[in-house]
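Work through the following exercises on how two parts of one chain meet. Each task is followed by a solution in steps.

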There are 2 protein chains.
Amino acid sequence: MPDQAGGSTATESRREELLRIAADLFASKGFRNTTVRDIADAAGILSGSLYHHFDSKESMVDELMRTFQAELFAAYDEILASSDDARTKLERAVRLSFDTIERRGAEVAIFQNEAATLGASERFGYLAERNRQSRDVWVTLLTEGVQSGALRPDLDITLTYRFIRDTVWVAVRWYRPGGPHTATQVADQYLTILLDGIAKGTPHA
Amino acid sequence: MPDQAGGSTATESRREELLRIAADLFASKGFRNTTVRDIADAAGILSGSLYHHFDSKESMVDELMRTFQAELFAAYDEILASSDDARTKLERAVRLSFDTIERRGAEVAIFQNEAATLGASERFGYLAERNRQSRDVWVTLLTEGVQSGALRPDLDITLTYRFIRDTVWVAVRWYRPGGPHTATQVADQYLTILLDGIAKGTPHA
DNA sequence: GTCTATATACTGATAGAC
DNA sequence: GTCTATCAGTATATAGAC
């Protein structure tokens with residue numbers, strides 16, 4: 001059977017090309033604000049031709065989100081399964097987020113902006129499930145951190161989880177790869193604030 | 001001239017009632033995803049009747065955003081003009097955000113979710129202007145904080161501003177008035193993390 | 001894999017009666 | 001202030017030719 005050199009690869013790459021064009025448009029204009037004609041125009045074809053590759057506009061965003069989430073959670077699993085200490089795991093999870101914003105900015109933006117709306121339909125129920133998984137990851141990391149003595153014992157785990165979850169992803173609104181900061185630099189600054197705060201002096205008294 | 005008891009007040013309150021219904025729908029479903037029929041249904045009237053009160057759907061969100069921004073920046077101005085010390089001003093600005101989420105959650109959500117899209121049209125150019133004003137407020141507060149010795153001198157002001165700006169508003173995604181936390185409690189926890197960090201021990205060494 | 005042509009439904013908005 | 005009726009524009013999606 002033909003594999004790498006066959007027609008299948010060319011078909012796949014065209015499909016992925018269209019998916020990438022759609023992702024960028026969904027991310028910048030919003031899913032509902034992006035028409036199939038917008039996508040087709042950007043790809044240099046007519047809107048009807050898109051349906052040779054995809055069932056519907058919804059299928060496109062579905063495929064984008066499934067692929068993205070699978071990749072992201074594989075990375076989370078690797079961190080959780082590692083033998084790093086609690087603080088290192090937390091730092092790695094934070095860095096993973098900023099790294100993901102750099103590599104998969106469109107998908108992050110789509111998930112952040114559309115998950116609530118898309119999640120209303122049954123087809124996207126897995127988005128809510130992924131949200132639960134994500135909460136478990138962060139709560140586990142924070143609990144480990146408190147138990148190991150790396151983090152302050154008086155933390156409200158739930159509120160802290162929400163702050164971290166929100167803040168590590170919201171940078172997708174302004175972060176641009178190739179801009180004045182690298183993802184690593186942003187992660188460094190964020191970790192400094194998150195771990196030690198912005199106040200001067202000796203806190204935690 | 002009839003004022004409080006006249007027909008004008010009744011007209012105004014109906015208008016505000018419709019505006020409130022629209023705000024809640026725009027906030028939960030998104031501006032583009034909300035049809036004029038949705039708004040009319042929720043108000044118990046037919047879509048055409050809405051146009052007796054408003055020129056267009058766009059006019060509704062425009063009025064919502066203008067009113068909201070005017071109110072918010074009046075509160076910022078009061079903090080800036082006060083004689084409080086730098087750290088108190090910063091704390092007040094943070095608390096103002098969470099308080100605004102509690103009192104004007106729909107408007108905050110609309111602004112957070114739609115400002116980028118709406119801002120593309122000239123009619124909503126003031127949203128970008130308000131964004132600039134907001135940046136000036138936070139940068140001023142942070143700079144004062146560093147100069148007065150209240151904040152760490154090694155802070156990257158621009159990055160710190162972005163983190164604070166994003167994080168004080170993003171809680172609108174999950175905060176619900178009447179839920180397990182008050183806005184004050186959330187602000188307390190957030191300020192603790194922001195000022196002193198989540199790590200145990202003596203940082204800033 | 002793309003185009004031509006078009007079905008079908010929805011959307012914001014209007015005009016005039018009540 | 002709301003309803004009836006409806007228009008014009010736009011949206012997703014389809015069928016079959018090339």
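Residues are numbered from 1 along each chain as written, and chains are lettered from A in the order written. In this predicted model local features need pLDDT of at least 70, side-chain atom pairs count only at pLDDT 80 or more, and totals for chains, interfaces and linings use all residues, while side-chain values use heavy atoms, without hydrogens and water.

**Exercise 1.** Describe the extent of the interface between domain 1 and domain 2 of chain A.

Solution. Start with contacts (heavy atoms within 4.5 Å): 17 residues of domain 1 of chain A touch 15 residues of domain 2. Then take the buried area, the accessible area (1.4 Å probe) lost by both parts on being put together, summed over both. This area is about 1400 Å², and carbon and sulfur atoms give 70% of it.

**Exercise 2.** Count the salt bridges between the two domains of chain A and name one.

Solution. A salt bridge needs a side-chain nitrogen of Lys or Arg within 4 Å of a carboxyl oxygen of Asp or Glu. Glu63(A) and Arg15(A) form a salt bridge through their side chains, at 2.5 Å from N to O.

Technical notes: Buried area = accessible area lost by both parts, 1.4 Å probe.
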